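Visitor: Hi, could you walk me through this structure, one spot at a time?
Guide: Gladly; here it is.

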Amino acid sequence: MKLSAHYNRSNIIITVSVLLVGAVIYYFAINYIIQRQLDRDLTEEMEEIVSYIGSRHKFPVQLDIDQEDVSFNETNQSNFKTVYFNAPFRKSIKKDSDDDNNGRAVETLVHVNGKSYLMTIVISRESTEYLVQVIATITLILMVGLFLVLLLTNRYVSHDLWKPFFYLLQQLKAFSVSDHTNFSYSKTNVDEFNELEAAVLLMSSRVRKDYRTLKQFTENASHEMMTPLSVITSKLDILIQDDSLNPEHYKQLQDIYGATNKLSRLNQSLLLLVKIENNLIGETELLELDQLVLEKSEQFQELITSKHITVTTAIAQKTVTASGQLLDILFNNLFSNAIRHNIDSGVINISLTDEGFLIQNTGSLHPLNEEELFERFLKGKNSEGAGLGLAIVKSICNVYNWEVSYSFISSLHTFQILFAPGKV
Amino acid sequence: MKILIVEDEQNLRENITTYLNSDGNVCESSADLGNAIEKLEDYAYDCVLLDLGLPDGEGFKVLNFLKEQRRDEAVLIISAKNGLEDKIKGLNTGADDYLIKPFHLAELKARIEAVFRRKAANSNNNLVFNEITINLQGRTVEINGNPIILTRKEYDMLLYFIANKGKVISKNAIATHLWGDEMDMNDNFYFLYTHIKNLRKKMLDADCTDYLKSIYGIGYKFLSE
């Protein structure tokens with residue numbers, strides 16, 4: 001549920017309940033005021049009649065045009081407290097009114113010629129009730145109006161209000177530490193969004209700085225390792241010239257050679273990854289991919305023949321704009337993987353179309369874990385490599401927005417590169 | 001051959017000197033840029049091995065110095081930087097070759113010889129070793145005057161061996177020379193055996209002395225006699 005919807009909901013609930021409570025209080029307040037007004041009128045009337053009786057010693061004449069209904073009932077009560085109450089108003093304009101309490105009455109004790117009478121004066125409440133009705137209707141209309149206005153404002157105004165937020169969110173989604181595009185401001189005058197933008201900007205620049213430092217470190221560390229590695233290699237090259245070495249020594253030396261070689265390859269791969277991610281790979285050129293693929297299969301011919309691998313190719317013409325150096329590495333890694341992890345007398349299928357490049361090979365009978373496959377330092381149990389080959393492949397594909405994927409199709413390990421992912 | 005080694009890492013400098021000296025070369029060395037330029041001002045060399053990352057500046061200054069002085073020393077850059085830009089910059093500034101660290105000394109020796117041969121521009125483009133005559137331009141090989149047909153890899157290997165004659169060369173060094181960095185042959189020397197076996201057989205068939213000796217477990221040696 002969207003924040004605006006949450007906000008809307010509570011807003012509406014609170015507004016409506018406040019309005020309802022207000023309306024109830026309003027109703028009672030008006031009722032009370034009107035009642036007091038009526039009671040004051042009644043008191044006035046009563047005093048008038050009492051003073052009339054006091055001066056004339058007789059009951060006033062009942063007049064029809066008077067909007068009041070006065071009655072006297074003889075009583076033997078000598079003590080009576082004046083009371084006000086709701087009572088039916090018999091002179092109601094609406095003759096068919098069945099409301100028993102459409103009037104307000106006062107009852108008091110009067111003395112006429114030594115006799116006690118209970119005097120009751122009833123006046124109509126209809127006009128005041130009408131007033132209450134009008135007030136209630138207006139309140140209701142106001143409530144509905146407010147409700148609608150709130151709803152519309154929330155829908156349209158909040159959409160505009162949240163614009164900078166969604167703009168920022170969109171940029172955050174596209175954020176990548178290795179990217180160099182900066183966040184752009186949406187120039188809002190909402191303080192919170194400005195603050196958020198500033199915070200995001202600060203965070204992104206800090207993250208990027210950390211990432212750059214880390215990359216710099218990798219690069220420097222790898223570079224610094226190259227010199228000691230060359231010292232080891234050259235020492236070994238000198239050492240093996242010694243005639244007094246026996247086969248057991250040679251075996252040990254060969255192992256050191258192997259390890260040193262692996263280390264320097266690992267270093268070079270790391271440097272390459274850093275370089276690809278830093279976009280430091282030289283110029284791009286128009287390359288005939290079909291030629292490149294053919295050259296590669298030629299280059300790996302020896303390895304292919306030695307493992308008795310059957311290669312089938314389906315290559316269409318295709319040109320791409322890319323760095324020759326990178327594509328060379330890309331195909332080297334894919335080809336050598338397909339051969340290295342192949343079985344004796346296995347099969348390799350290579351296909352190049354306008355949409356993509358596909359290389360399939362026989363090998364282990366179990367599919368590889370696609371999610372981890374392109375991660376760094378992840379390698380098969382029998383692999384001699386450093387586990388960076390496919391990470392490099394993925395990095396190179398990322399540079400050109402190509403999509404590389406792995407699948408296991410009818411016992412064939414399949415690597416596919418799509419040149420224009422999303423279009424197919 | 002008179003060689004100047006400009007390299008700040010002492011161990012490496014000494015190893016290169018040891019390896020190259022044993023073949024009758026004279027090596028001198030500099031640990032920094034200033035010393036290297038001083039030496040070059042005073043003496044002439046056949047070849048300069050130049051590290052790019054020196055304590056007092058980039059090795060490119062040496063290249064510029066040689067270019068300004070119109071000197072004809074062959075220059076081989078040895079650098080830890082595996083960047084295409086540095087390579088292109090180096091070669092454009094007058095370097096003859098570019099070798100990336102770490103490298104095998106055998107590879108360095110072969111490169112120096114190749115660079116030197118190119119620079120020397122012999123009217124006679126033949127490399128002669130006892131009964132073996134290699135026509136460098138035509139990439140053909142004659143043994144006792146009889147041509148033998150070698151594949152490209154066998155030819156490369158023969159040149160490599162002759163450049164490092166009398167030295168034990170590790171399998172790793174040969175594999176790296178033949179297949180370069182792109183193919184990791186470390187776990188599989190089978191192809192190397194095949195190529196060496198074929199080369200040896202072709203040479204023996206042409207009544208050549210058996211120069212190629214296998215050094216058990218580590219590599220091969222091309223006898224110098």
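Guide: Keep in mind that this is a predicted model.

Visitor: What is phi of B:N130 near?
Guide: Phi of B:N130 is near 45°, which is a positive value in a residue other than glycine. Most residues other than glycine have a negative phi.

Visitor: Okay, and where in chain B does B:P102 lie?
Guide: B:P102 is in the loop between β7 (97-100) and α5 (105-120) of chain B, and the peptide bond leading from B:K101 into B:P102 is cis, with omega near -5°.

Visitor: Switching to helices, at what angle do α7 and α8 of chain B cross?
Guide: Helix α7 (residues 171-179) and helix α8 (residues 190-205), both of chain B, have axes that come within 10 Å and cross at roughly 85°, which means that α7(B) is roughly perpendicular to α8(B).

Visitor: Which residues make that contact?
Guide: From α7(B) the contact uses B:K171, B:I174, B:A175, B:L178 and B:W179, while α8(B) supplies B:F191, B:L192, B:Y193, B:H195 and B:I196. Sorted by class, the residues of this contact between α7(B) and α8(B) are eight nonpolar, one polar and one charged.

Visitor: And B:I37, which helix is that in?
Guide: B:I37 belongs to helix α2 (residues 33-42) of chain B. Leaving aside residues up to four places away in sequence, B:I37 touches B:K61, B:V62 and B:F65.

Visitor: How many residues of chain A are in contact with chain B?
Guide: In chain A, 36 residues are in contact with 44 residues of chain B. The area buried between the two chains is about 3,600 Å², and carbon and sulfur atoms give 55% of that area. On the chain A side, A:Q254, A:R265 and A:E302 lose the most area to chain B, together 16% of what that side buries.

Visitor: Last topic: how many cavities of 30 Å³ or more are there?
Guide: The structure holds four cavities of that size, and the second largest cavity contains about 40 Å³ of space.

Visitor: Which residues line the second largest cavity?
Guide: Its lining consists of A:V177, A:S178, A:D179, A:H180, A:R208, A:Y211, A:R212 and A:K215. By class, that lining has two nonpolar, two polar and four charged residues.

Note on methods
Residues numbered from 1 in each chain as written. Chains lettered and ligands numbered in written order. Predicted model: local features only at pLDDT ≥ 70, side-chain atom pairs only at ≥ 80, totals over all residues. Heavy atoms only, no water. 1 Å grid on protein atoms, 1.4 Å probe; cavity = no way out; pocket = protein on both sides within 12 Å on 5 of 7 lines; lining within 4 Å. Points joined across faces, edges and corners; volume = space filled by probe spheres on them. Nonpolar A, V, L, I, M, F, W, Y, C, P; charged D, E, K, R; others polar. Axes fitted to C-alpha atoms, helices over the stretch in contact; angles between N-to-C directions. Helix = DSSP H or I, 4+ residues; strand = E, 2+ residues; numbered from the N terminus. Parallel < 35°, antiparallel > 145°, perpendicular 65-115°, else oblique. Contact = heavy atoms within 4.5 Å. Buried area = accessible area lost by both parts, 1.4 Å probe.
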